[in-house]
Amino acid sequence: MTPRHTPLLAGAAATVTVVLWASAFVSIRSAGDAYSPGALALGRLVCGAVVLGVICAVRRAGWPPRSAWRGIAVSGVLWFGFYMVVLNWGEQQVDAGTAALVVNIGPILIALLGARLLGDPMPPRLLAGMAVSFTGAVAVGLSMSGEGGASVLGVVLCLLAAVGYAGGVVAQKPALARASALQVTTFGCLVGAVVCLPFAGQLAHEAADAPLSATLNMVYLGVFPTALAFTTWAYALARTTASRMGATTYAVPALVVLMSWLALGEVPGALTLAGGALCLAGVAVSRSRSKAGALPTAAPERAPGPRPERDLDREAS
């Protein structure tokens, strides 16, 4: 793979991620009628871990190096475990529009944490694109909140989900400088499944009574939006900054609107369509690069030898 192809592959991986994450909202809505939040999260993570474990065995990926485990463990607890449970719970307490609106502060938190903890740059194009996308997310949220089914508990849960999501992404970034995307995703998923083990009894009880369609949706969530989409996310994150990847997820609300239209027959209104268009426009702006930044100067040559870890982190970003 040549350096010229790397941005294209990273962009394609990010696209796969946001499409599959958008589809997850439809599946969660269906499976959530039969499965409680913790049971759904555990079932999803177990399915994802099984698929990822088989892929790791076939590819002989091995164990991540010790230096990557801190980031894997933190992201596994915060993102794979905590985030999935509280998001499932929050979406049972508030309407979809309110949930989407509150959770979409996640990319803003990623940008702030990335700048503070990882030294991510905050170029004007990224800030402008995030502002445009967040405006679109607000429009989508307002247009979908017609019945006002919000509760204080639901809003707090969605806010906690956004915090867990942001913390997990920022913790995952350094781990990707030391381990492969497949390793980071697989063992992060395993950590999340361990965190959710207290819900094993609920999962066994509810699976016995759940309709086949709900169980199939849970399996789908584990195989595609978890195993595949989290791996393509990690691949792309290893090749760009956490802030820029976070901004990419603003495409999710627009895709959810489109999928709900096509799959569920939910015809969006003018405000919803306008908000979705703003989300996509903001992502395009945040992912673009200025002409000055498109032609980086050549780095000075260095003598051969081991590189310090902070240089590896900088290259991965």
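The side chain of Glu206 makes a polar contact with the side chain of Ser36, at 2.9 Å. This comes from a predicted model, in which Glu206 is found in helix H9, spanning residues 200–209. The structure also holds 13 aromatic pairs, and some of these are described below.

**Surroundings of Glu206**

- Glu206 is buried and yet has no salt bridge, since the nearest side chain of opposite charge, that of Arg44, is 14 Å away.
- Not counting residues up to four places away in sequence, Glu206 touches Ala34, Tyr35, Ser36 and Ala39.

**Aromatic pairs around Trp69**

- Among the 13 aromatic pairs is that of Trp63 and Trp69, whose ring centres are 6.3 Å apart and whose planes stand at 40 degrees, so the pair is tilted.
- Trp63 is exposed, with a relative accessible area of 66%, whereas Trp69 is partly exposed, with a relative accessible area of 27%.
- Trp69 also forms an aromatic pair with Phe187, and this one is edge-to-face, with 5.4 Å from centre to centre and 70 degrees between the planes.
- That pair links distant parts of the chain, because Trp69 lies in helix H3 (residues 69–93) and Phe187 in helix H8 (residues 181–195), 118 residues apart.
- Phe187 is buried, with a relative accessible area of 10%, because a residue counts as buried when this value is under 20%.

**Other ring arrangements**

- Ring pairs link Trp21, Trp79, Phe80, Tyr83, Tyr165, Phe230 and Trp233 into a cluster.
- Arg239 lies over the face of Tyr235, at 3.7 Å from the ring centre.

Notes: Residues are numbered from 1 along each chain as its sequence is written. This is a predicted model: local features need pLDDT of at least 70, side-chain atom pairs count only at pLDDT 80 or more; totals for chains, interfaces and linings use all residues. Side-chain values use heavy atoms; hydrogens and water are left out. Helices (H or I, at least four residues) and strands (E, at least two) are DSSP runs, numbered from the N terminus. Buried means under 20% relative accessible area, exposed over 50%, partly exposed in between (1.4 Å probe, protein chains only). Lys and Arg count as positive and Asp and Glu as negative; His and the chain ends are not counted. A salt bridge is a side-chain nitrogen of Lys or Arg within 4 Å of a carboxyl oxygen of Asp or Glu. A polar contact is a pair of N or O atoms within 3.5 Å; within protein, one must be able to donate a hydrogen and the other to accept it, and residues adjacent in sequence count only if both atoms are side-chain atoms. Contact means heavy atoms within 4.5 Å. Rings of Phe, Tyr and Trp (its six-membered ring) pair if their centres lie within 6.5 Å; planes under 30 degrees apart count as stacked, over 60 as edge-to-face and the rest as tilted. A charge sits over a ring if NZ of Lys or CZ of Arg is within 6 Å of the ring centre and within 35 degrees of the ring normal.
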